[in-house]
Amino acid sequence: QVQLVESGGGLVQAGASLELSCAASGRTLSIYAVGWFRQAPGKEREFVADSRWSGSSTDYGESVKGRFTMRRDNAKNTVYLQMNSLKPEDTAVYYCAARAGPRAVYGYWGQGTQVTVSS
């Protein structure tokens with residue numbers, strides 16, 4: 001089993017920056033990739049970014065490219081999502097997820113952290 005715990009959400013003004021953290025524990029050696037997703041009220045879950053657990057091959061959703069950056073701290077088994085130039089449309093619950101293989105679904109999910117961007 002893999003446990004994921006997100007933190008770092010909050011209320012910020014448009015244009016501000018925020019960094020989310022996702023701490024992984026348990027069978028972290030089984031993790032192939034980690035991703036960030038978000039879901040706003042009344043909307044479907046949206047892909048934000050994902051990266052191989054090794055740190056290579058990071059992909060971003062179109063709506064966040066150039067503004068969000070995903071990185072990993074190997075020593076802490078923690079991945080981060082640095083969010084710059086935040087917009088009100090970035091308001092959502094942000095979830096961290098992990099999958100065990102290149103074709104596996106994201107089977108491990110954190111509890112989510114709320115990000116609210118005011119205009």
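This is a predicted model: local features need pLDDT of at least 70, side-chain atom pairs count only at pLDDT 80 or more; totals for chains, interfaces and linings use all residues.

Biologist: Which parts of the chain does the pair C22 and C96 tie together, and how many residues apart are they in sequence?

Modeller: A disulfide is a covalent bond between the sulfur atoms of two cysteines. C22 lies in strand 3 (residues 18-26) and C96 in strand 9, so the pair links parts of the chain whose separation in sequence is 74 residues.

Biologist: Are C22 and C96 buried or exposed?

Modeller: The term buried requires under 20% relative accessible area. Applied to C22 and C96, this classes both as buried.

Biologist: What is the handedness of the disulfide?

Modeller: The handedness follows from the torsion about the S-S bond of C22 and C96. That torsion is about -70°, so the disulfide is left-handed.

Biologist: Where is E6, and what is the distance to the nearest side chain of opposite charge?

Modeller: E6 belongs to strand 1 (residues 2-7). Although buried, E6 has no salt bridge; the cut-off for one is 4 Å. The nearest side chain of opposite charge is R45, at a distance of 9.9 Å.

Biologist: Which backbone nitrogens lie 2.7 Å and 2.9 Å from a polar atom of the E6 side chain?

Modeller: E6 touches several residues beyond four places away in sequence, among them C22, W36, C96 and Q111. For the 2.7 Å distance to a polar atom of the E6 side chain, the backbone nitrogen is that of C96. For the 2.9 Å distance, the backbone nitrogen is that of Q111.

Biologist: Which side chains of strand 11 point to the buried face?

Modeller: Side chains alternate along strand 11 (residues 113-118).

Biologist: In what sense does strand 11 pair with strand 2, and how does it run relative to strand 9?

Modeller: Strand 2 (residues 10-13) is joined to strand 11 over 4 bridges in the parallel sense, and V12 has V117 as its bridge partner. Strand 9 is joined to strand 11 by 3 bridges, and V93 stands opposite Q114. The sense is parallel for strand 2, and for strand 9 antiparallel.

Biologist: What is the phi of N77, and what is that of S85?

Modeller: Most residues other than glycine have a negative phi. N77 is in the loop between strand 7 (68-73) and strand 8 (78-83), and S85 is in the loop between strand 8 and strand 9 (92-99). N77 is partly exposed at 23% relative accessibility, as is S85 at 41%. Phi is positive in N77, near 50°, and also positive in S85, near 50°.

Biologist: How far apart in space are G55 and K65?

Modeller: G55 sits in the loop between strand 5 (46-52) and strand 6 (59-60), where it is partly exposed at 41% relative accessibility. G55 and K65 are 10 residues apart in sequence. Their C-alpha to C-alpha distance is 17 Å.

Conventions. Residues are numbered from 1 along each chain as its sequence is written. Side-chain values use heavy atoms; hydrogens and water are left out. Helices (H or I, at least four residues) and strands (E, at least two) are DSSP runs, numbered from the N terminus. Buried means under 20% relative accessible area, exposed over 50%, partly exposed in between (1.4 Å probe, protein chains only). Lys and Arg count as positive and Asp and Glu as negative; His and the chain ends are not counted. A polar contact is a pair of N or O atoms within 3.5 Å; within protein, one must be able to donate a hydrogen and the other to accept it, and residues adjacent in sequence count only if both atoms are side-chain atoms. Contact means heavy atoms within 4.5 Å. Two strands pair if DSSP finds at least two bridges between them. A disulfide is a pair of cysteine sulfur atoms within 2.5 Å.
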